[in-house]
Amino acid sequence: MGHRLVKWIRLIGVTVFVTGAPIALSEYVLSHHALSLGRQEARYIAAQYLERAEVATGEALSLLSEIRTSNHEDCSAESRQFFGLKAFGSKYVSQIGIADETGALMCSEPMGALAQPARLPATEQGDPTVMLGILSDRKTMRQAIVTLRINDHNRLVARLSMQALDIEAGASYFQDNAIVGVYLEDGAEWMKQVGNWQPTSESDTIIENAVSERYPIKVMVTASTAAALSNINSLRTMTIVMATIGGVLAFGFALWTTLRASEGDAFSRAVRNREFIPYYQPVFDLFTGEIRGCEVLVRWLRPDGTMVPPGQFLPYAEATGLIRDITRQLMTQTVSDVGELYNRNPGFKLSINLTAMHFNDLEIMEDIKQIYGDSLIRYEQLCFEVTEQHPLKDIALSRAIIGRIQALGSQVAIDDFGTGHGGLAYLQKLGVDIIKIDKMFIDHIGTDHSSQTIVDTLVDLGNQLGLGIIAEGVERTDQVEHLKSIGVATAQGYIYSPPLSAKAFLEFARKAQGDVAPARTAPDAEAEAEVGESFAALTVDEADPAAASDADASPDLAEEQRPAA
Ligand code: C2E
Ligand code: CA
Ligand code: CA
């Protein structure tokens, strides 16, 4: 229970992490990016305003200089006309005039702009030649003026139009969320543009300044951080969507691996619960019809009664190494299942399938000795099969292990010979005692000439090397005939019997011995019934109906195999 809870917590943890981490990370990166873009934008706005202020001031100054150099620095009618003309032609200067030392305007053009006559501050000793000031006639209307001293008393004055700083700068997201202020050096405010937004805290604001190098002008832009961040809203939404998709996928994956793991757990639990049991397929002498022993074939008998054939779980058992435990359990079980039978029949052989993994170290030797060392089944009765299907990792070590098995008195067979990796090299290097000719070749006896030739050649090869030969998967009488004709004495197959439960095998062996009629004949109905049962529970590929009917349809053979009375 607690274990399962931990699993779920881990599962949810993985999902939350896989979803949350990218969101958090992108949030960090995006907001960083957005803030830096915002600051850049604010700097740009400040620079735009500053540039305009500088252009307007520069224009005013150049107009005033022009007036001075052209000797129009007086209030004569001609000069005033000149002022008016210049102001009219200027983009940012709305009025030009002359002020006296008290700051009162002596004259200015065009007159219309003087609706509110302005008064400048009085001149002071040591004032610079050029001065920049702000006139605030009304609270809301501020105008900048540029003055240029003519003599000790009088100054030329250019009033900058209200439109001088009327610009629109900056990205739309700042339009209503920024405050732009243009100031003179002494802090006097030339212009201040305020949107709907008011800064509430320092963390909520981006402040960027631009200071003129030519004139005493400074621009300050205060913008809303939130507005800058809102800029990434679409990206943020996209990230959340992507991360959520990622999270869902991660959850699916984690769920899958968890389920896989619990499947794995179910399998190891099955191993612990000893749900893997041996079935026994009898092996016969083709000439005498006598039972020679059997091959142990594993079955997974699940608690619900279903029987799983080895093809469905062996790859997993091998990949996880659990095959070692399974093999150990099977061997142990054989002692209690057929120990008595083997003890009574010292000539019986018991074949046990090993995998390539068993030849990686000496563990199997320990298992064999521990299980059979002091048992009713003697080492001499054992045969260990090594399949050619999966390559052996270390040939030298495998050879050494085979040598030790043989030293005990047991035999070693090469299984599925001719179908896998080893070929002749295995025969040469491994030093096995028996070749098992695969069903694949036996199947083609009588139907496919080249396969039949292969069988003949393999048999010939085995004979030449002095090896025993067992034919596998014999299903038809013509196969039996052919095998006999080329001198193969030992075989197993559905024609005689499928793999049987321990009980059915003991029964089968008892009858076969008493009756010496190995093929399934009518008197064997009881055993057959059990065979049928156990078989029906298996998959179709094992209980090949064609094979079964073939096997059933062989009473002649049974007859034939009865020793002449
Ligand atoms: P294998 O060692 O070649 O075993 C012979 C397979 O052929 C068995 O399938 C057997 O039931 C089936 N068979 C026997 N006679 C006939 C026949 O006349 N017709 C047909 N159609 N099939 C026949 P099974 O029991 O499904 O085993 C499949 C394979 O799984 C075995 O092939 C063996 O490689 C592996 N295996 C089975 N038990 C064990 C085990 O305990 N340990 C290991 N490592 N492998 C095992
Ligand atoms: Ca085998
Ligand atoms: Ca085989």
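Buried means under 20% relative accessible area, exposed over 50%, and partly exposed in between, with a 1.4 Å probe and protein chains only. This is a predicted model, in which local features need pLDDT of at least 70 and side-chain atom pairs count only at pLDDT 80 or more, while totals for chains, interfaces and linings use all residues. Residues are numbered from 1 along each chain as its sequence is written, chains are lettered from A and ligands numbered from 1 in the order in which they are written, and side-chain values use heavy atoms, with hydrogens and water left out.

**Disulfide**

A search of the whole structure finds one disulfide, the term being used for a pair of cysteine sulfur atoms within 2.5 Å. The partners are Cys 75 and Cys 107, with their sulfur atoms 2.0 Å apart. The torsion about the S-S bond of Cys 75 and Cys 107 is about -85 degrees, so this disulfide is left-handed. Cys 75 lies in the loop between helix 1 (2–69) and helix 2 (77–89) and Cys 107 in strand 2 (residues 105–109), so the bond ties together parts that are 32 residues apart in sequence. Helices (H or I, at least four residues) and strands (E, at least two) are DSSP runs, numbered from the N terminus.

| Residue | Relative accessibility | Class |
|---|---|---|
| Cys 75 | 26% | partly exposed |
| Cys 107 | 8% | buried |
| Cys 294 | 1% | buried |
| Cys 383 | 2% | buried |
| Glu 385 | 1% | buried |
| Asp 415 | 6% | buried |

**Calcium site**

Glu 295 (OE), Asn 353 (OD1), Glu 385 (OE) and Asp 415 (OD) coordinate the calcium ion (ligand 2) at 2.1 to 2.3 Å. Donors are N, O and S atoms within 2.8 Å of the metal (3.2 Å for Na, K and Ca); water is not among the atoms, so sites may look incomplete. Along the chain, the donors of the calcium ion (ligand 2) follow the spacing E-x57-N-x31-E-x29-D. Of these, Glu 385 in strand 14 (residues 382–387) and Asp 415 in strand 15 (residues 411–417) are 30 residues apart, and the pair links distant parts of the chain. Asp 415 coordinates both the calcium ion (ligand 2) and the calcium ion (ligand 3), which are 4.7 Å apart.

**Asp 176**

Asp 176 sits in the loop between helix 3 (172–175) and strand 6 (178–184). With 39% relative accessibility, Asp 176 counts as partly exposed. Asp 176 and Val 194 are 18 residues apart in sequence, and their C-alpha atoms are 7.8 Å apart in space. Leaving aside neighbours within four places in sequence, Asp 176 is in contact (heavy atoms within 4.5 Å) with Gly 195, Asn 196 and Trp 197.
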